[in-house]
Amino acid sequence: MIILRFPKNITKKELTRVLIRLKPVGEVHAINRERQDSVDVICDSDMDDDKLLKMSGAIAIIHSQEPYVLASRAYQNIGMDISLDGHWQRGAAPLIIGGPCSVEDRVQVLEIAHAVREAGADAFRGGAFKPRTSPYAFQGIGKKGYEYLAEVRAQTGLPVISEVMSAEQARIASEYVDVLQVGARNMQNVPLLNALGKLSKPVLLKRGFSATIEELLLSAEYILRNGNRQVFLCERGIRTFETETRFTFDINAVPTLMEKSHLPVLGDPSHATGKRNYVESISLAAIAAGADGLMIEVDTDPDSAISDGAQTVSVEAFARLVKKVKKVYALVKSMRRADDL
Ligand code: PEP
Ligand code: MN
């Protein structure tokens, strides 16, 4: 895949002429108008660069060796910053997202939110619509959950994150929450990805448990090509032959995603292990491998959680974990700096 770069002042008429000229030499897939300094046309062509430059009038050609372009470092090498309204600065500290698997009721969610903020969380999570494996399992409290999350933000100041499973849910959620989560089961829900690409809220895209790293990045590409540049990638464990743990945290995914993409990478040790006793170890491992942050299930009373209690840590355990994670993050950062000197 290649990107043909044109100056930002190219007129609509000129661009239309370029696109007509390009048609016979390859498939033109998208025009990215998001960049401030150029108009970029994504194209699939084998023609050599000199010829392509001459016939199109482009000022530069960028090659991506991967089947995705906008999610690649070839396109953007500088790490994407998603500041969450000033709550996080990528590279300065790990992003710690904590909260229950499900929003159960208003009192529960507000109580946990205040506690996780005290314990050092930067953002709060909670599922309102739950994509459960069984249709008989608790499906979440729905839209009311988004409303309670908006109240969490108002009371605690924490940005709030919740899952959406359809374009319609994404539209509703975007009125209440700060980050829209795509769950593992929906990583390849194309209409959802396209809809999220047209919204202006950051997206937290979880890796499907049978999806390759390349497939995760291609899913991110759907969001990016629709105009939304703010995507977090999240490794949440893949399915292997191992049955001791719920899934297997793919530690390889962390440095691989970091190398291939400029998008921030988060780890979810809760769903990856399914067991609260392992959450701290896998959190530290993810950070040591270079992850930008973590999403962890936390509850003031994990044993009474309606969903995913076995993998949910107590607020006290979460507070200890956050302190250790920050230490490992700082250590890894200083070692990397020393290597660069
Ligand atoms: C969740 O975050 O609660 C969740 C359902 O995760 P996943 O989509 O990774 O299973
Ligand atoms: Mn969960």
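This is a predicted model: local features need pLDDT of at least 70, side-chain atom pairs count only at pLDDT 80 or more; totals for chains, interfaces and linings use all residues.
Which protein donors hold the manganese ion (ligand 2), and at what distance from it do they lie?

**Stop 1: the manganese site**

Select ligand 2 and display the side chains around it. The protein donors of the manganese ion are Cys101 through SG, His271 through NE2, Glu297 through OE and Asp308 through OD, at 2.1 to 2.4 Å. Along the chain these donors are spaced as C-x169-H-x25-E-x10-D. Two of them, Cys101 and Glu297, bring distant parts of the chain together, being 196 residues apart. Cys101 sits in the loop between β5 (95–99) and α3 (106–118), while Glu297 belongs to strand β12 (residues 293–299). Cys101 is buried because its relative accessible area, 4%, falls under 20%.

**Stop 2: Glu297 and its surroundings**

Centre the view on Glu297 in strand β12. Its relative accessible area is 1%, so Glu297 is also classed as buried. One runs to the side chain of Arg125, at 3.4 Å; another joins Glu297 to the side chain of Gln311, at 2.7 Å. Next, show the residues that Glu297 touches beyond four places away in sequence: Gly99, Cys101, Arg125, Ser270, His271, Asp308, Gln311, Thr312 and Val313. The metal donors Cys101, His271 and Asp308 are included in this set of contacts.

**Stop 3: Asp308**

Select Asp308, in the loop between β12 and β13 (313–314). Most residues other than glycine have a negative phi. Asp308 is buried, with a relative accessible area of 18%.

**Stop 4: Leu84**

A further positive phi can be inspected at Leu84, where the value is near 50° in a residue other than glycine. Leu84 lies in the loop between β4 (60–63) and β5. Its relative accessible area of 8% places Leu84 among the buried residues.

**Stop 5: the cysteines**

Now select the cysteine sulfur atoms. How many disulfides does the structure hold? The number is zero. Cys234 is in no disulfide, and the cysteine sulfur nearest to that of Cys234 belongs to Cys101, 13 Å away. Cys234 is buried, with a relative accessible area of 0%.

**Stop 6: helix α4**

Select residues 143–156, which form helix α4. This helix has 14 residues and spans 20 Å from its first C-alpha to its last, close to the 20 Å expected at 1.5 Å a residue. Colour its buried residues: Gly145, Tyr146, Tyr148, Leu149, Ala150, Val152 and Thr156. In an α-helix, residues three or four places apart point the same way, so a viewer may look along the axis to compare their directions. Which elements do the buried residues of α4 pack against? They pack against α3, β6 (123–125), β7 (160–163) and α5 (167–173). Just after α4, Gly157 adopts a positive phi of about 80°.

**Stop 7: the whole chain**

Finally, zoom out and colour the protein by domain. Domain 1 covers 2–63 and domain 2 covers 95–340. The C-alpha centres of these two domains are 37 Å apart.

Conventions. Residues are numbered from 1 along each chain as its sequence is written. Chains are lettered from A and ligands numbered from 1 in the order in which they are written. Side-chain values use heavy atoms; hydrogens and water are left out. Domain bounds come from an automatic or database domain assignment. Donors are N, O and S atoms within 2.8 Å of the metal (3.2 Å for Na, K and Ca); water is not among the atoms, so sites may look incomplete. Helices (H or I, at least four residues) and strands (E, at least two) are DSSP runs, numbered from the N terminus. Buried means under 20% relative accessible area, exposed over 50%, partly exposed in between (1.4 Å probe, protein chains only). A disulfide is a pair of cysteine sulfur atoms within 2.5 Å. A polar contact is a pair of N or O atoms within 3.5 Å; within protein, one must be able to donate a hydrogen and the other to accept it, and residues adjacent in sequence count only if both atoms are side-chain atoms. Contact means heavy atoms within 4.5 Å. The expected span of a helix is 1.5 Å times one less than its number of residues.
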